[in-house]
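Subject: Structure handover

Hello,

Please find the structure below, with its sequence.

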Amino acid sequence: MTSRIPRDSRLRLVRPRPLAAAPTAVNQRRPRRPAPRPPEGTPAPAELARMARSGLAAAARVARWADNALGPGRDAATADGKATLSEATADRAARDLGLTLDQVRHDWDTARLAGLVEVHGDSARPGWRLRAWNRDDSAVLRGWVALFDAWSLATPEPAEEEAAAVAEVVSAMPQVLSFLQLSAGPVPVDQLLDLLRQRVTELRTERCEVPYVADAAGPPAPAAPEPSADADPAEPARDAELAPLLDWALHALASVGALTCGDGQATLTPLGSWAVWVKLEQICVAAQSPAGNIEQAAEDMLRGCAQLRPNAARAEYRAWLAARPVGSAVTELLVASRGEDALLRGLAFEALRVVGAPAEPDVRAVVEEPALRPYALLWLAEHDGVDPEDAHEVLTREEATWLWVDTAAAVADHGEAPMLVRHLESALQPTVPALLAEVRAVGHPRTVQVLVALAAAHPDPALAKAVRRAAFQVHRGG
C-alpha cells in the first residue's frame, strides 16, 4: 500500500496574510519557564565560538579573499565582472591562496552554507556574519548552526541510492542525533542503525507503507514481526539500504564538525552536542511583561511581541511608541527590520502600521532596498487605502516570491514543521515546480536553508525529493 498523500503537486491558491496576523504557533503565547541550562560539561559560548571559528577558518579565508579581490570597484575583478565562483575565479583563488581547485570549491560551498557569503542572482557578496566574524561570538555560532542544519548538502549523497530512501534517512536523522546527544558519549554504529531502522519504519507506517496481512475474521492487521508469507519481500532489502546511507549521513555530519566516527562508533563533538541540545530545547525569547517591553530596544521588543497574539502585540507596539519620539522609534524599527531575522522584519512593519502617517516618509525611503521593498510596498498600499486583503496585488511576481521565501525563513526559524508545510499553500505559483523555479530565480539569501527545512518538514517523499533537489541545485549555483 502506498502513501495516502496525493502525488499531485499542485498548490491550492490562498490569499497571503501578514505573518503577524496568522493564527500560528509563532503568535501564540507559550507558558513561561526558566531559561534552560545546557548539559553539564558543555563548553562556554566563547569556547564554542572558538571551535566554530577553527572549523570554519578555511571557509572564512576564501570568503575574505573574495571580498577583497572581487568587491565592487576593484581592478582585480574577474573578466565577466561577476563575483560568482567561475572557473577563472576559482583558478585565481587557488593561485592566490595556495590551494587546489577542489579545496577552493569546497571552502566556497561551506562559506555559502554558513552565511559567510550570500549569493544574489549572478553575483555574491559578503554575509553579515563575515563582517562580525572576529567580534561577535553569536554570529559565529549561528553561522555554524546554519552549516549544521544543511549537513545533507555538505557531502553528495550516494549516487546509487534511491532518492526516496535518502529522504527518509534525512528525515530520521534528528532522532539519531538526539539519541547521540542524550548518550553523552560514543555510541556503536550498529545501535544507531537499529534506531534509524525503527524511525524509518515509523515514517513508512505514517504513510501506510508497511506490509499488511489479511485476517479473514476481521479488518486488516499489521504483519507480525516474524517472517510471513504475506510480507513484502522488498522490506529486508529496503532495510539493508540503510547501512550505507547511515554511513553517508555520519560522514556528512562529521564533515561539518558535528560528530566524529571511528572504530565502529560515533560521538558528537562539543559543538554538535550543543547544537542538538539547542534544537531539542527550542530556546525562544520568553514573552516580556508590558513594562519590560516598553523599556526594551526595538529588536528586543519585537522578539517579546513575537510570543503575543496580534491584538496584544498591537497594544504593545502602541505602548512602546508612546514612550519615545516617533522619529527615533521609526528609525529604530527600520534598523531592526534590516537584520537577518525575517520574523522581526515582518513584525517591524506591523509596528509601523500602528505608527501610521508619520512613518510614511521613512517607509518610502526604503522601497529601493530589496529585502524591505515588498514589506514597504504593502505598507504604502494599505496606507493609501487599499484593502489589506488586496494589498498583495501591488507586488510583482518576483517581489511576492521574495516575500514568500522571507516569510518561510521566519517560519523555519521560529515556527514548527506543520506550519512550514501549510505555508506552502500560500504560494502564488500553481505548481510546486513553478514555485521552485521562481524561488531559485529571485536569489533570496536564505533560499537554500528554506528549501532544506521545507524538504525535511514535508510528509510527501516525492515533493520532499523535488524540494531537496532544488536546494542542492541552488547550493551548487545551478
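The model is a predicted one. Its protein chain holds 24 helices and seven strands. Of the 478 residues in the chain, 46% are buried. Counting contacts between residues at least 6 apart in sequence, 67% link residues that are at least 24 apart.

The sheet

Three of the strands make an open sheet, ordered E3-E7-E6, with antiparallel pairing. The edges are taken by strand E3 (187-188) and strand E6 (259-262); each has a single partner strand, so one side of each has no neighbour in the sheet.

E7 covers residues 265-268 and is joined to E6 by four bridges, the two strands running antiparallel. Within that pairing, Cys261 sits opposite Ala266 of E7, and Gly262 has Gln265 of E7 as its bridge partner. On the E3 side, two bridges connect E3 to E7, again antiparallel. Here Val187 is the residue opposite Ala266. Ala266 of E7 therefore faces Cys261 and also Val187, because E3 and E6 are edge strands, each with a single partner.

E6 and E7 form a hairpin that leaves two residues between the strands. One of the residues in the turn is Asp263, which has a positive phi of about 55°. Asp263 belongs to the loop between E6 and E7 and is exposed, its relative accessible area being 81%.

Which residues of E7 are on its covered face, and which on the uncovered one? Ala266 and Leu268 are on the covered face, while Gln265 and Thr267 are on the uncovered face.

Helix H8, residues 163-183, lies across E3, E6 and E7 and runs at about 75° to E7. Glu168 is part of this helix. Is Glu168 buried or exposed? Its relative accessibility is 4%, and a residue under 20% counts as buried, so Glu168 is buried. The side chain of Glu168 makes a polar contact of 3.2 Å with the side chain of Arg204.

Ala184 is in the loop between H8 and E3. Its phi is positive, near 55°, and the residue is not a glycine. Most residues other than glycine have a negative phi, which is the reason for listing this one. Ala184 is exposed, at 70% relative accessibility. Asp263 is another non-glycine residue with a positive phi, near 55°.

Helix packing around H17

Helix H17 (residues 342-355) packs with helix H14 (residues 298-305) at an angle of about 95°, the axes being 10 Å apart. H14 is thus roughly perpendicular to H17. H14 contributes Glu299, Leu302 and Arg303 to the contact, and H17 contributes Leu344, Leu347, Ala348 and Ala351. By class, five of the residues in this contact are nonpolar, none is polar and two are charged.

H17 also packs with helix H20 (residues 397-414), at an angle of about 115° and with the axes 7 Å apart. On the H17 side the contact involves Ala342, Leu343 and Arg345; on the H20 side it involves Asp406, Ala409, Ala410 and His414. The contact of H17 with H20 consists of four nonpolar residues, one polar residue and two charged residues.

Helix H23

Why is helix H23 (residues 447-457) described as largely enclosed by the rest of the structure? Nine of its 11 residues are buried, so the rest of the structure largely encloses the helix. The buried residues are Thr447, Val448, Gln449, Val450, Leu451, Val452, Leu454, Ala455 and Ala457.

Regards

Notes
Residues numbered from 1 in each chain as written. Predicted model: local features only at pLDDT ≥ 70, side-chain atom pairs only at ≥ 80, totals over all residues. Heavy atoms only, no water. Pairing = 2+ DSSP bridges. Contact = heavy atoms within 4.5 Å. Axes fitted to C-alpha atoms, helices over the stretch in contact; angles between N-to-C directions. Buried < 20%, exposed > 50% of the residue type's maximum accessible area, 1.4 Å probe, protein only. Polar contact = N/O pair within 3.5 Å; in protein donor to acceptor, adjacent residues only side chain to side chain. Parallel < 35°, antiparallel > 145°, perpendicular 65-115°, else oblique. Nonpolar A, V, L, I, M, F, W, Y, C, P; charged D, E, K, R; others polar.
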